[in-house]
Amino acid sequence: MNQFVNQKFADLKANGNLPSPRGVALQIIQLADKENTTTQQIARLISSDPALAGRIIKVANLLVHREGRPIASIMDAVTVQGIKSVRQLALSLSLVADFRSGACCGFDYQKFWAHSVCTGIAAQQIAAKMHVGVADEAFLLGLLSQIGRLALSTLFAEEYSQVLEHATTDNLSELESNAFGINHNQITALMLSDWGMPALFQDIALHIEQPESSEFHEGERNWRLLHLFHFSDRLASVCMLAPSERYRQIPKLMLVATRVGIETSALIEIGDSVIRGLREWADLLNIEIPDIPPFDEMLNSASIASELMSVDAQPSVQPAIFKLHILLVDDDRAIRLLYKALLEKSGHSVTTANNGREALESVKASPPQLIISDWMMPEMDGIEFCRELRKNPDWHRIYVFIVTAQESTEKLIEAFEAGANDYLSKPINPKVLAARLRSAQRIVQMQEAQEEDRLQLRQFADELALSNKRLQALAVTDALTGLPNRRYMMERLEQEWALATRAGRPVCCMMVDIDHFKMINDTYGHQLGDEALKLVASSLQQAMRKQDVLCRVGGEEFMVICPDSDNKAGFIYAERLRQHVAFQPVLASGKSLRLTVSIGLADNAGLASPEAMMHQADLRLYAAKAAGRNCTIIG
Ligand SMILES: Nc1nc2c(ncn2[C@@H]2O[C@H](COP(=O)(O)OP(=O)(O)OP(=O)(O)O)[C@@H](O)[C@H]2O)c(=O)[nH]1
């Protein structure tokens, strides 16, 4: 705290109006602060104020001796609680008794004490549950944690009323500092210091409303205590609110609860127990408390889901740059709603599932990019879910976080071996969640970019294969007629020759040449010549057998390979082709032309190679030309 604030407090203290214990309570404090004071001396002094003595006995029963033999005497009460605790208790009870009302009209004294008592009860119960070692003192610190407000209302009754009129929860401290040079948290811390409370308590009081402003290290005892008191303060605030406002604040309270490791079921249990305790204390201290419904009812209110959507995302949950489709798996409905709201607030799209089995169904329906799954769940737990998920190769790239309360090495190894990519410790710290999500986002983004590259490469490879196929086809195809070309003919002839030789079967080939084709070109032009060539090719194709192969081997020259055929059979086919061409007029560019072909035929009988067979067919073609054309020669 800076010097100015310290000076300000010293000035306030000097004018003597700070709330402080009086009468017997003051004497108890003074006596307790002396060395060598005995329990008997304290008990005797307390007994001189029967009202205070009665309260201290009741408090001792409430705070310390819930079970077993009740405490009936002041001596027992002091012995059980210890001089130090009784000192703080006398101080607190005296303050409650003396400041039940006051001059500050804007300050609700009853509500103030109800809130303070509620904070104390919550802090005490949680401290006991969490074994943080200050359970006895936690009540008193909780009770006094906002005493600075009472101080301001006492010191500046009128001005503080005006400040309160314009203040919200968020700007109260700032308005107080502007108006009085000191805020209620600072006054609280300095008053606690003045009353001899430990330095840690002062720090807690200073940062109770904004624990992030402290310099405590996350996870350390101080940090945990501060968050414990922050949670208790928030819980008390929720209890004090009007019903409509209360429901709006529940989601925020749940968030704070998760920071101290309190899950929804525990929150209900603690909340209800605090409400019960508050009723007992209200009777004892004679303070009014509002009607507070059971926590179960508050948490399961239908309105929570929508309110969750308006949860002020913590500053650490920044808007995501790369939005993810996240599947959130948890059997705790409130946790699902809470984190769904938080993640959606960061821009991610979130689906939820109740357990591993439901989650698998959800993945089947729409695979997410990232999964945050609780470990312990009914039906199918997080580990089994992970194992099932990884069985499907399509889901290998989904990034999986397992949420666990157990961080033992074996457990973590089990999670990783089941297929988890990372783990989150319970309670999930929103800052850590945001940081881990950012790192997961980078990995998901990288994997997706890789996958895109892979798909693109595959597409390129497919296209390349297709164009190679096209090129290959082009290399063996005649561009004008679309028939296989000479190169193909040579390969095919060799294949058919080899097959026929191996099987001891015949094969023959025909050389087919259009008669007087030069004349067509010369008379009608090359273009019409081309058309006529195509028409003769298709005419030959129509007339030939399915198993025969027709190729264009040169200008106006074709070859037909006839597997399983000798010269005799081949002659019949050749004649059929020749006649088909001769009798079918060719209609080129509107002109009806009569074309004929000459055919030379040879089979494999007695020949040594396909070239020899081809050569022989060629010779016979010349013979056919010489014989007057439009005929077939076989030898
Ligand atoms: N339009 C066209 N003409 C071609 C093509 N290839 C070859 N020719 C022509 O076909 C003609 C072949 O002529 P020749 O070898 O003298 O034989 P021909 O006129 O058919 O006479 P014979 O074979 O003796 O009956 C030439 O005029 C070539 O220019 C082609 O792709 N298109």
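Trainee: Which strands does helix H23 lie across?
Mentor: Helix H23 (residues 486-503) lies across strand E6 (507-514), E7 and E8. H23 runs at about 135 degrees to E7. Axes here are lines fitted to C-alpha atoms, for helices over the stretch in contact, and angles run from 0 to 180 degrees between N-to-C directions.

Trainee: What kind of model is this, and how are residues numbered?
Mentor: It is a predicted model: local features need pLDDT of at least 70, side-chain atom pairs count only at pLDDT 80 or more, and totals for chains, interfaces and linings use all residues. Residues are numbered from 1 along each chain as its sequence is written.

Trainee: How many helices and strands are there?
Mentor: The protein has 27 helices and 12 strands. Both are DSSP runs, numbered from the N terminus: helices are H or I with at least four residues, strands E with at least two.

Trainee: Back to E7. Which sheet is it in?
Mentor: An open, mixed sheet of 5 strands, ordered E7-E8-E6-E11-E12. Strands E7 (549-554) and E12 (632-633) are the edges, each pairing on one side only. Pairing takes at least two DSSP bridges between two strands.

Trainee: Parallel or antiparallel for E7 and E8?
Mentor: Antiparallel, over 5 bridges, with E8 spanning residues 557-563. Arg552 stands opposite Phe558 in E8.

Trainee: New topic. How many residues surround the ligand?
Mentor: There are 16, and the closest are Asp515, Phe517, Lys518, Gly529 and Gly555. A residue counts if its C-beta atom, placed from the backbone, lies within 6 Å of the molecule.

Trainee: Which element gives the most?
Mentor: Helix H25, with 4 residues. E6, helix H24 (517-524) and H25 (526-543) each supply at least two.

Trainee: What about Asp374? Is it buried or exposed?
Mentor: Asp374 is buried, because 25 other C-beta atoms lie within 10 Å. Buried means 20 or more, exposed 12 or fewer, partly exposed in between, with C-beta atoms placed from the backbone. Asp374 is found in strand E3 (residues 370-374).

Trainee: What does it touch?
Mentor: Asp374 touches Val329, Asp330, Asp331, Gly382 and Val403, not counting residues up to four places away in sequence. Contact means C-beta atoms, placed from the backbone, within 7 Å.

Trainee: Which UniProt annotation covers Asp374?
Mentor: The unreviewed UniProt entry has "modified residue: 4-aspartylphosphate" there. UniProt positions follow the numbering used here, feature names are shortened, and annotations may be inferred rather than shown by experiment.

Trainee: And what share of the protein is buried?
Mentor: Buried residues make up 41% of the 635 residues.

Conventions. Contact = placed C-beta atoms within 7 Å.
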